Amino acid sequence: MKKILAALLSASMMLSLASCGSKVEPTETDGIKVGFIFLHDENSTYDKNFMDAATVATETLGLDADQVMIKTNIPETAECYNAAADLVDAGCDLIFADSFGHEDFMIQAAEEFPEVTFCHATGTKAHTKNLPNFYNAFASIYEGRYLAGVAAGLKLNDMIEKGIISAENAKMGYVGAYPYAEVKSGLTSFFLGARSVCPSVTMDVKYTNSWFDIAAEKETANALIAGGCVLISQHADSEGAPKACEEAGVPNVAYNLDTRDWGPNTALISSKINWAPYFEHIITATMNGTAIEQDFCGGLADNVVQTLGLNEAVAAPGTIEKLEEVKAKLISGEIKVFDTATFTVGGASLEEYMADVDTDENFTPDTQVISEGYFHESEFRSAPYFDIDIDGITTK
């Protein structure tokens, strides 16, 4: 399967359709109705990121309040199908759901309601299911995680130079939700970014086995800090870890939101997927009857992947300039996040790896994803499939 790339944003933030080679212009928005299904509510940083993007996109396109319906706290159960069916009954032409476990229920709805467009984030099945009204979307967030890792590595170097820690004690901690490919891809890219500037860094990972659990995330961050971690990052959806870091005086790298209000003395930087361009794209395409990519993937080059909230009071000197340099090299392809020369597995370099790209019930590896010296993440499918445990990262 070819790599599916998002086209560059225009000045109005509208996406071009790369597959068609033509720019999408909005038509009249009268009559269109859009529904959103969110796993949690605004208390989850993950869902709030989607909710904020939905607000930006619908306001940019001029949709009225009665043209947008939002369902929050929809679990990854048949309640998702029921929510989708309710939105269809309410007249929605386009329905979007934001969580991995929503996918099968969105497919069920898409099969039952072929006249409605269904889009889903973080899913894996659209490119093989090939339903004409069901689409997946994700982003190369590993690029943003790598950049955040560079900022973290520079902070560690600064701490070493000031005598706060020794090079041997440059150990980061990572609060992960689940040991899924999406989480492992993110934590590995973050670690590789840090190690690109701080060669002695190591990282401990602890999983909460929940996407959103404030108490568990705070407890896990505190356990990592107690275990000697001097900087904490996360792939979990609450303020638990950032607040633990602020209380302990430990630098924190967050996800999805600018956390400087929670941690003015410790928040370093965040990375996020900017979903607003994708929402504008699918709403406009639905209005115009034009194509939506079956498996969309955007990145740094088109502003779909971003870093935000760089706290200059916490960051090491020169961080802004270094991030600009690395970002340009990521966009040009000079830097590959998962360059196999930069990591080992069991002491050995990887020359090949079969990944589970065309997901089946047994998660059977089916696609060779290492070539030209790097792991081709999110190129054969938008959702991550990097699930390798590399040297230097220890799961606790």
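What share of the contacts in the protein with a separation of 6 or more comes from residues 24 or more positions apart? Such residues account for 68% of these contacts, where a contact means heavy atoms within 4.5 Å.

Before going on, note that this is a predicted model, in which local features need pLDDT of at least 70 and side-chain atom pairs count only at pLDDT 80 or more, while totals for chains, interfaces and linings use all residues. Residues are numbered from 1 along each chain as its sequence is written, and side-chain values use heavy atoms, with hydrogens and water left out.

**The overall picture**

The C-alpha atoms fill a box of roughly 65 × 45 × 40 Å along the principal axes. For 396 residues, a compact globule would have a radius of gyration near 21 Å, and the protein agrees with its 21 Å. That radius is taken over C-alpha atoms, and the globule rule is 2.2 Å times the number of residues to the power 0.38.

Of the 396 residues, 57% count as buried. Buried means under 20% relative accessible area, exposed means over 50%, and partly exposed lies in between (1.4 Å probe, protein chains only).

**Aromatic rings**

The structure holds 23 aromatic pairs. Rings of Phe, Tyr and Trp (its six-membered ring) pair if their centres lie within 6.5 Å; planes under 30 degrees apart count as stacked, over 60 as edge-to-face and the rest as tilted. Phe 375 sits in strand E18 (residues 374-375) and Tyr 385 in the loop between E18 and strand E19 (393-395), so the pair ties together parts that are 10 residues apart in sequence.

Elsewhere, one aromatic cluster includes Phe 36, Tyr 46 and Trp 275.

**Two residues with a positive phi**

Asn 73 is not a glycine, yet has a positive phi of about 55 degrees. Its place is the loop between strand E4 (68-71) and helix H2 (78-89). Phe 363, also not a glycine, has a positive phi of about 55 degrees, and belongs to the loop between strand E15 (354-355) and strand E16 (367-368).

Here is how accessible the residues discussed above are:

| Residue | Relative accessibility and class |
|---|---|
| Asn 73 | 41%, partly exposed |
| Phe 363 | 56%, exposed |
| Phe 375 | 1%, buried |
| Tyr 385 | 2%, buried |

Methods
Helices (H or I, at least four residues) and strands (E, at least two) are DSSP runs, numbered from the N terminus.
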